[in-house]
Amino acid sequence: MNQDFVISVPTFVQVLEFIGTFAFAISGIRLASAKRFDWFGAYVVGVATAIGGGTIRDLMLNLTPFWMTNSVYLICSALALLGVILFGKFLISQQNTFFIFDTIGLALFTVVGVEKTLHLDFPLWVAIIMGTITGAAGGVIRDVFINEVPLIFRKEIYAMACVIGGLVYGLCSYLNFDIIVTEIISGISVFLARILAVKYHWDLPVLKGDSTTMQQ
Amino acid sequence: MNQDFVISVPTFVQVLEFIGTFAFAISGIRLASAKRFDWFGAYVVGVATAIGGGTIRDLMLNLTPFWMTNSVYLICSALALLGVILFGKFLISQQNTFFIFDTIGLALFTVVGVEKTLHLDFPLWVAIIMGTITGAAGGVIRDVFINEVPLIFRKEIYAMACVIGGLVYGLCSYLNFDIIVTEIISGISVFLARILAVKYHWDLPVLKGDSTTMQQ
Amino acid sequence: MNQDFVISVPTFVQVLEFIGTFAFAISGIRLASAKRFDWFGAYVVGVATAIGGGTIRDLMLNLTPFWMTNSVYLICSALALLGVILFGKFLISQQNTFFIFDTIGLALFTVVGVEKTLHLDFPLWVAIIMGTITGAAGGVIRDVFINEVPLIFRKEIYAMACVIGGLVYGLCSYLNFDIIVTEIISGISVFLARILAVKYHWDLPVLKGDSTTMQQ
């Protein structure tokens, strides 16, 4: 029975990872389609959104980028493209569903990033940054590719949800919680932080500098 | 005689590599000049166009970036800058010549990227991606630097030619063709794919999503 | 006494490094505030400006990014954010002071980059490039994040000051100067090159290509 549990948990995580990758890719492909990218361009933006954060993390941790050892991530992104080509308007209208999937992806990616970093014996603060990069940097690359100011720099508690999840992970570890429990609590805290932030319009304050200070 | 062949082939490849680097650098420098960059900015954009793809590939493969072990790539780019400074209008008017050189560079860079990756025992699909990154990512960096939406995401069979070349490489390897023959057929297929695509206006379809979905 | 010297020099360098990181972060945060980024976005832009160049250098040299082994750089950037939040208008008005601090940072980062690269037995020309990347690439990332054409590509002797400092470092090494003396002379040459360039409006020529060659 314990054996079953050990086997079923990774499978469940893998399904979540599939859903998260798919949702992240959709978010990239949608914005690419609004810019009238061709299929190839849309695929690259979708892939970059889905795997960009984890790739930067792995380069900084001196690991082989995770997607180079398993083709499932690129296949997920290809399915996302196929979905948008075949069911474009329907898929794009499901905004609430994708918001939930996207947030599941964010939670999972954050936990994976935190854990991978701690396994390499980096301190917690590095792990929190790597978790945040895993969850949020793909969206920054997406916005650079479509030539927009990155969305997460201007609105929404998005990356902050990753930071909160990383802190919760550290707290649970400190309290010697079981690793599975720690993962679940940490992931749920990312999920809740973002859902609540969007529902109650929690925003970080905008930085008020001299508004005339434009780049010269 | 066979000995001669072994010696002359790398030399011929090096000449192609010189031409390709020069042509890629010119493409960056031309766009930088249209944005009124200074000499330094134009050089950086030229260098990034010429070596950016290979650098990203080498970082992902955990190798030292190729241009750090041989100064010829930066010298080629400097010659390209010098060429534009001295013969700007003439060089820029040679659009057809540069189109051919640029496509030779694309073919060669793709083959180098595929081969380098396969030598590290990655599977073919990773090699195809690395070949495509080697050939096409420099142009994406160039367009990010000049603050434009990357050209290859919106028009032209460009990166797809790299993908085709990678597939052909894999097919030739599978058929146990000699490595030199494999390289030549693969490179020619990249070259032809792009030339034919431009001549006959083969484009990938534009992704039709909800055109009102702009970034909010 | 010699012992004291050995101990006091790193401390002095560390203070300069603190000042440089703070000044670089301020430059990123100021521009982010002009774009109405929130606190998180401003922090990320500040951090990227301060540590982005060194991170790219370390990835290319296959080292763990320097800021992952010492939290002081992220703390400096957080203090810069706190400073702008609390004393925004005052801080932003101190343009001359920050110009000096920023130039001290540029000089120090350049010397650190050159030295780190030479210690790994790369040739001088690679070290000069790495010194320039350490000093100047953070500002390029900053400008990509705020969706502007990178400032250093269009005006000001900025990156060229790094190149000059690297050449001076190489010359001093060639003349067998003591390492501390080499560092100081090289840093001062970066500092002076930039100060004098701004004071006397030394600019690199703008590249004159065909001004109608826009990206098609």
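**Exercise 1.** Determine how many residues of chain B and of chain A take part in their contact, and which helices of chain B contribute.

*Solution.* Counting two residues as in contact if their C-beta atoms, placed from the backbone, lie within 7 Å, one finds 29 residues from chain B and 31 residues from chain A. The model is predicted, so that local features need pLDDT of at least 70 and side-chain atom pairs pLDDT 80 or more, while totals for chains, interfaces and linings use all residues. Residues are numbered from 1 along each chain as its sequence is written, and chains are lettered from A in the order in which they are written. Next, with helices taken as DSSP runs (H or I, at least four residues) numbered from the N terminus, α2 (39–60), α5 (124–145) and α6 (159–174) of chain B each supply at least two residues to this side, and α5(B) gives the most, with three residues.

**Exercise 2.** Find which helix of chain B gives the largest share of the side that touches chain C.

*Solution.* Here 31 residues of chain B are in contact with 29 residues of chain C. The elements giving two or more residues are α1 (2–34), α2, α3 (72–93) and α5 of chain B, and the largest share, seven residues, comes from α2(B).

**Exercise 3.** Work out what rotation superposes chain B on chain A.

*Solution.* Least-squares superposition on the C-alpha atoms of residues with pLDDT of at least 70 in both copies gives a rotation of 120° with 0.0 Å of shift along its axis, at an RMSD of 0.0 Å. The two copies are therefore related as by a three-fold rotation axis. They use different surfaces, since 14% of the contact residues of chain B recur in chain A.
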